[in-house]
Amino acid sequence: MPQVKIIAKNFMDMVAALPALKLDKLYDNTFICEAVLRSLPPLAKKYVLQMLYVDVPVTAKSMEEWVLADGFSKHRVAIDRLIQLRVFLESTDRKKETSYRLNPKFQGNLQKYLVHGGVLPRDPMSSSITVRLPTLEELESYALNQWECFLLQLISSGQAEKTTNFSSSMIEVFQRGLLSQRGKEAPRLTESGFQFLLMDTNAQLWYIIREYISNSEERRVDPADLISFLLELSFHATGQAYNITTLNEVQRSIIKDLADLGLVKLQQGRKESWFIPTKLATNLSVSLSDSSSRKQGFVVVETNFRLYAYSTSKLHCEILRLFARIEYQLPNLIVGAITKESLYSAFDNGITSEQASIISFLQQNAHPRVADRAAPAVPENVTDQIRLWETDLNRVEITPSHFYDDFPSKDVFEAACDYARENGGLLWEDSKRMRLVVKADIHGLMREYLQKK
């Protein structure tokens, strides 16, 4: 069974993937420099601050003396990260000695920020202009409902509320990797789409944002400008209103797409319009490893494979239906069971038992009373059985191959075996009868090799 894993990158991995010219252009923005500094490992932050007012390159040997011997691995990680983000510029002299210096743009803007502080390009609007703004609780509820409605749109276009209209830009993000459509048939979830639904909210958000950025050039938006605006947005205050007239035309189209995801809430007054960032927006520059924004768990799994989900969410019910048999649903309780048949259906759709899938989902969403116990959040007999049922489908692995026999001599046979082994295509050999099986991928190479022999 093919397995597809979605790698939900950290925002700074996307920044590091930009071409050098665009990355340097990004550092024209003071807030991008601060966001990058915040994202660095502790030792890398220390190096940046130590070299902030050093205008000459520092040799790699000198920097190695800054750490103890047992900290060299962390030193290497810090240096690699600084080079990836072009915070450090690496150079080699005639003696082949490596040196590092801070990126001049990054260095200059960070110096100004530390001395003079940073000022956002827009200030919050006065309460005398705006209508009643939502409270933080109302804003969080809005963001959650919007995000759930968006995911319901992914599961099935008929599941989402009819009053919700998502932008074509956001739908295209789904069409690329999470949905597939054949002819006039309705769009269906791909294997990646099924796995995506079982990810935690942070990982889902990063995946969507990553795809949104990677497809930005097709919408005639510079990825560097988009990343710059998203990172800048993370410095705005949650719950404060900001005038839309302060945005340029590209940013206005972006803000409408972000409203679909629940990252911002749009409001209209008598004369002015404004956007209100939610927690999802202000957490954009936070690492995926941060769990502060994750929702409280709601699932209880018993040793008899019964499943109880204390939730009023329609989305939760649809996600659980992907791998469990839902028996009935009360206003605040979903009751079901994990069965062999329901799991086989999930495995056929590309959902796996391990990380970023069923077991991981159940563990991450365990009800607090279960998660706080010393015992595993999901009973061991349940996790073991889920893995066993998955291995039942993977007992035999089919590999396209070619069979060779009738070799003219032992030397030719052994040479052919060595050649197949060197090219990573040897599957089986019988030295007594001089028979050989190789992968179909190297059949063409093998044929040319044997013809020469």
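**Salt bridges, a helix crossing and a surface patch**

1. Lys25 counts as partly exposed because its relative accessibility is 39%; buried means under 20% relative accessible area, exposed over 50%, and partly exposed in between, with a 1.4 Å probe and protein chains only. The model is predicted: local features need pLDDT of at least 70 and side-chain atom pairs count only at pLDDT 80 or more, while totals for chains, interfaces and linings use all residues. Residues are numbered from 1 along each chain as its sequence is written, and side-chain values use heavy atoms, with hydrogens and water left out.

2. Lys25 forms a salt bridge with Asp225, and the closest N and O atoms are 3.6 Å apart. Asp225 lies in helix H12 and Lys25 in helix H2, so this pair ties together parts that are 200 residues apart in sequence. Asp225 is partly exposed, with a relative accessible area of 39%. A salt bridge here is a side-chain nitrogen of Lys or Arg within 4 Å of a carboxyl oxygen of Asp or Glu. Helices (H or I, at least four residues) and strands (E, at least two) are DSSP runs, numbered from the N terminus.

3. Asp222 and Lys22 form a salt bridge, their closest N and O atoms being 3.7 Å apart. This pair also links distant parts of the chain, 200 residues apart: Asp222 is in the loop between helix H11 (201–214) and helix H12 (223–233), and Lys22 is in helix H2 (residues 20–26). Asp222 counts as partly exposed at 23% relative accessibility, and Lys22 is partly exposed at 22%.

4. Which residues are linked with Lys22 and Lys25 in a network of salt bridges? The network also takes in Glu217, Asp222 and Asp225. Over the whole structure, the search finds 18 salt bridges. Side chains of opposite charge can pair when their charged atoms come close.

5. A salt bridge also joins the side chains of Arg421 and Glu429, at 2.7 Å from N to O. Arg421 is partly exposed, with 42% relative accessibility, and Glu429 is partly exposed at 34%.

6. The axes of helix H4 and helix H6 (residues 72–84) come within 8 Å and cross at roughly 65°. Axes are lines fitted to C-alpha atoms, for helices over the stretch in contact, and angles run from 0 to 180 degrees between N-to-C directions. At this crossing, Leu43, Ala44, Tyr47 and Val48 in H4 meet Lys74, His75, Ala78, Ile79 and Leu82 in H6; contact means heavy atoms within 4.5 Å.

7. Not counting residues up to four places away in sequence, His75 touches Leu43, Tyr47, Met63, Glu64 and Val67.

8. Tyr53, in the loop between helix H4 (42–50) and strand S1 (58–59), counts as exposed at 53% relative accessibility. Tyr53 forms a nonpolar surface patch with Leu49, Leu114 and Val115, about 430 Å² of accessible area together. Patches are made of residues with over 30% relative accessible area and no salt bridge, like charges being joined within 9 Å and nonpolar side chains (Val, Leu, Ile, Met, Phe, Trp, Tyr) within 5 Å. Accessible areas come from the Shrake-Rupley method with a 1.4 Å probe, and for residues only the protein chains shown count as cover.
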